[in-house]
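Subject: Structure handover

Hello,

Here is the structure I promised to pass on. Please open it alongside this note.

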Amino acid sequence: MTLDRKIMKRTDFFLQPEDEMEFMPIIPLNEEESENEENITIPTDLPLLPLRNTVLFPGVVLPITVGRDRSIKAVNDVYKTDKLIGVIAQKDSSVEEPGINDLEKKGTVARIIKLIKMPDGGTTIIIQGRKRFEIEQIVSEDPYFRAAIRLLTDDKIGVGDDQHFAATVSSIKDLASQIILLSPNMPSEASVILKNIENPSFLIHFVSSNISSDLKEKQELLELDDLKLRAEKLMHLLNRELQFAELKNQLTTRTKTELDKQQKEYFLQQQLKSIKEELGGDVNEREVKEMQKKAEAKKWPEAAKEAFKKGIEKLERMHVSTPDYSVVYNHLDLMLELPWDEGTIDSYDLAKAKKILDRDHYGMNKIKERLLEYLAVLKLKGDMKSPILCFVGPPGIGKTSLGRSIASALNRKYVRLSLGGMHDESEIRGHRKTYIGAMPGRILQSIRKAKSNNPVIILDEVDKVGNDFRGDPSSALLEVLDPEQNHAFYDNYLELEYDLSKVLFIATANDLQHIQPALRDRLEIIDLNGYAVEEKIQIARRHLVPKQKELHGLKNLNIRISDAVLEKIIEDYTRESGVRELDRQLASIMRSLTKEYVIKGKLKPTLSIKDVEKILGKPRYTNDLYKIANMPGVAVGLAWTYVGGDILFIETSQSDGKGELKLTGNLGNVMKESASTALTYLQANARKYGIDPELFQKKNIHVHVPEGAVPKDGPSAGITMMTSIASALTGRKVKPYLAMTGEITLRGQVLPVGGIKEKVLAAKRAGMREIILCWQNEKDVQEINSDFIKGIKFYYVKNMHQVLDIGLV
């Protein structure tokens, strides 16, 4: 009785309305009552009590809250007499007032153990199942259902001696015990109760009432007459429930399982849905909706639209914690942020464009004319494939900043992409998104940042792109910079074709020789030559001085720097084609003036040459060395370097020996060959120039080019070497203030060379008064502003005879 009393005390925890039945039935106060069910006298007709969400089995006790008026009437009438009532399940639990056709045909006769009137006016009864029955006929429907019934008997033939049945019952008990252990919501007494149940029939009924199967499956169990079949079906349902309970337990302890995938995913989705609702909503769903909203307003090609649709469907099926979620999300985010059909409107005002270009850069007329031509065609035609321009020239002359001015003149977005030192092809084409840390190439990243499909993109230092085992970026640039291909540029990360034909690409380089030939073929080369002193003065006056004054807080002070002072700074403190070093020297001057102003509170209105020397120190460069050639065998040549033009000394001396030629000064192969060619020509024409032929057998000739730490190469020093050797062998000095450049042949012809403007300007800076050039280079000299080369006399020659006639005195 101790166990019975304990269970009775707990019945209040299980009291549920008959339309919300979710509880564990309890056993009868005396289990033996269920064994003697066949000795009970039961009337042939009984009042019926419809139940919504449960099925009552013989021997099982259930607490039920009765809510319907008809049911309350039936319960009250029965409780006053024999307390027996027919409990029947509804076919559809959603029906509020069931009719005859809404009730199952088979149910359980129950005895009302206790009727309790609740404080809220409701009625609660505790009933115990007695025997199964089948409705033969509904006798009456008012005030409640009353039916003629036929009692059903369980088929127990051979049950007592059947080992198979005994094993089935034992398995049922074991399965039920395992489920109880895996189910934290089950009462702790349930396991004790199971161990104490010895009646197989009651065990089957008790477990049937406790399983989580739906109403239809429980009803099927109740309707089976054969106790063996009922036990087997129950064991099948228990196996399924055990699997479900194990899955719940595995999810709780975060262990993996080999259970049915579909069942597992369903349960996971349901749990995740509940958790998300508790946390205030589904993060995934919000992100997907935001993306879909952006996509509706997006203008993009059909291929991109279809790819986005597939990607968003995939994202909807994924959880935010899965590794692939961020991969798919970032890919879709890139697609949304790329400007597929969104660009700025070009400005076709040629006068305004010219004004902007002239404002930002002094000179560079050739480039400005080319850009204005491009604008004129765009204005007239309305559409044109953007040219791929390449600005080539020494450092510091404004190649990169010119790109910004072009963007401003066209009213386009500006993006600078530095290619110097790039080794990985993926930097251009992007990584495949399956890799960890994958991202699109820098081309698409730049367009994404610009938010325009027609920006001006500066490919800075295209000649300094490297290549190694990771790939060759310059080969990847072939597609980007080909107007016939870049309308369908394929990025490995995006996995879609993107139109780059509206982008204006401008490449910059210092040396064309370091650009891959196939890439160079796709570029429209525009040479930017170094600045003359006069140009540098104007650039300093218009741009550099105002910039440095503003940077150093001197903008509002009236400080005048004359052209003579600027020329002094340019000639004595810089040696460059561009203006970067000039900018640094001006910054040094402004810093000194700022310090003086802070200390003294005032400044001199005009900066003098003495002030410059006081601030910058003694001149770093001098032209005196270049103006003097006081001994035979010394000639002045002109060289081109990546920083512009420069002066090159060629020195030759002879000594007793066996006619050997020695070359020093860190010379390249081409330069060595030029020296050999010059010597061979002079040997062949020795008498013509008054040279003793025997000297070539008795004397060793040593040719040296100073500044041996600097590598030197190229054919342009050919005529300078021949003049130097001829001067040494003849004893005639080279004319002072004379520089020369040109390639020679064994026949004595002079061939044209490149970099003429840089070389001529370098000669001008060095104080040269005369220059010897190949006659075919005359056209290059004519392109130089005559004001920049005033005072220089040019000699255009065809052969070495003319060179020696002019050069030797």
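**Ground rules**

This is a predicted model, so local features need pLDDT of at least 70 and side-chain atom pairs count only at pLDDT 80 or more, while totals for chains, interfaces and linings use all residues. Residues are numbered from 1 along each chain as its sequence is written, and side-chain values use heavy atoms, with hydrogens and water left out.

**Confidence**

pLDDT is the predictor's confidence in each residue, from 0 to 100. The protein chain averages 81. At least 70 is reached by 89% of the residues.

Some terms come up from here on. Helices (H or I, at least four residues) and strands (E, at least two) are DSSP runs, numbered from the N terminus. Two strands pair if DSSP finds at least two bridges between them. Buried means under 20% relative accessible area, exposed over 50%, and partly exposed in between (1.4 Å probe, protein chains only).

Five strands form an open sheet. Their order is E8-E9-E12-E7-E13, and the pairing is parallel. The edges are E8 and E13 (524-527), each pairing on one side only. Neighbouring strands are turned by 25° against each other on average, direction ignored.

Take strand E9 (residues 456-460). Five of its five residues are buried, so the strand is largely enclosed by the rest of the structure. Val 456, Ile 458 and Asp 460 point one way. Ile 457 and Leu 459 point the other way. On one side, E9 pairs with E8 (residues 414-418) over five parallel bridges. Arg 416 stands opposite Ile 458 there. E9 also pairs with E12 (residues 504-509), again in the parallel sense, over four bridges. In that pairing Val 456 stands opposite Leu 504, and the bridge partner of Ile 457 is Phe 505.

E12 is next. Six of its six residues are buried, so E12 too is largely enclosed by the rest of the structure. Both faces are covered. Leu 504, Ile 506 and Thr 508 lie on one side, and Phe 505, Ala 507 and Ala 509 on the other. E12 pairs with E7 (residues 389-392) in the parallel sense over four bridges. Phe 391 stands opposite Thr 508.

H17 covers residues 442-450. Its buried residues are Ile 443, Leu 444, Ser 446, Ile 447 and Ala 450. Seen down the axis of H17, they fall within an arc of 155°, so they line one face of the helix. The arc is that of the directions from the helix axis to the C-beta atoms.

Lys 451 follows H17. This residue is found in the loop between H17 and E9. Lys 451 is exposed, at 62% relative accessibility.

**Backbone details**

Most residues other than glycine have a negative phi, and most peptide bonds are trans. So which spots depart from that pattern? Lys 451 has a positive phi, near 60°. Glu 495 has a positive phi of about 60° although it is not a glycine. Glu 495 lies in the loop between E10 (489-490) and E11 (497-498). At 35% relative accessibility, Glu 495 counts as partly exposed.

A cis peptide bond joins Asp 142 and Pro 143, with omega about 5°. Pro 143 lies in the loop between E5 (123-140) and E6 (146-151).

**Cysteines**

How many disulfides are there? The count is zero, where a disulfide is a pair of cysteine sulfur atoms within 2.5 Å. Cys 390 is buried, with a relative accessible area of 0%. Cys 774 is buried as well, at 0% relative accessibility.

Best wishes

Notes:
Axes fitted to C-alpha atoms, helices over the stretch in contact; angles between N-to-C directions.
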